[in-house]
Amino acid sequence: VQLQASGGGLVQAGGSLRLSCAASGRTLSSYVMGWFRQAPGREREFVISITWSGFATDSADSVKGRFTISRDNAKNTVYLQMNSLKPEDTAVYYCAARRGYPLDQYAVEYWGKGTLVTVSS
């Protein structure tokens, strides 16, 4: 299974970006998918996740009310809509998938290559 993330870039504070993560190699039915991020000099941290059904989501307090996650199972793709971006959101964002819940980084089965998000002040 390969996870291909895209959509990163440079945006001004207050702006928006949409990341996509497309899975190939198999259908990730029953997998929880989501995103982690790693800022320079900091450890990787959980951002947001969504269950296969899409009915349950979880997010870090730092992004609640600003970031939303959705998935299109027919396309095997998960999306991260990021609004009201702040400079502290600057990081490399990684998509991830695992069976089971929650999306603990030590239980992740598949990682995508990161995509850089830079938020300028």
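The accessible surface of the protein chain comes to about 6,200 Å², and 47% of that surface belongs to carbon and sulfur atoms; accessible areas come from the Shrake-Rupley method with a 1.4 Å probe, and for residues only the protein chains shown count as cover. The model is a predicted one, in which local features need pLDDT of at least 70 and side-chain atom pairs count only at pLDDT 80 or more, whereas totals for chains, interfaces and linings use all residues. Residues are numbered from 1 along each chain as its sequence is written, and side-chain values use heavy atoms, with hydrogens and water left out.

The protein chain has 11 strands and zero helices, where strands (E, at least two residues) and helices (H or I, at least four) are DSSP runs numbered from the N terminus. Its C-alpha atoms fill a box of roughly 40 × 25 × 25 Å along the principal axes. Of the 121 residues, 43% count as buried, that is, under 20% relative accessible area, with exposed meaning over 50% and partly exposed in between (1.4 Å probe, protein chains only). Among contacts (heavy atoms within 4.5 Å) with a separation of 6 or more, 57% are between residues 24 or more positions apart.

The largest nonpolar core has 29 residues, and those with the most contacts inside it are L3, W35, F67, L80, M82 and Y93; such a core is a set of buried Ala, Val, Leu, Ile, Met, Phe, Trp, Tyr and Cys residues joined through side-chain atoms within 4.5 Å. At least two residues of this core are supplied by each of several strands, including β1 (2-6), β4 (31-38), β8 (77-82) and β11 (115-120). Apart from it lies another core, of five residues, among them V32, F36, A96 and V108. Leaving aside neighbours within four places in sequence, M82 is in contact with G15, S16, L17, L19, R66, F67, Y93 and V117.

Some backbone details fall in loops. Y101 and P102 are joined by a cis peptide bond with omega of about 5 degrees, and P102 has its place in the loop between β9 and β10 (110-111). Two residues other than glycine have a positive phi, as listed here.
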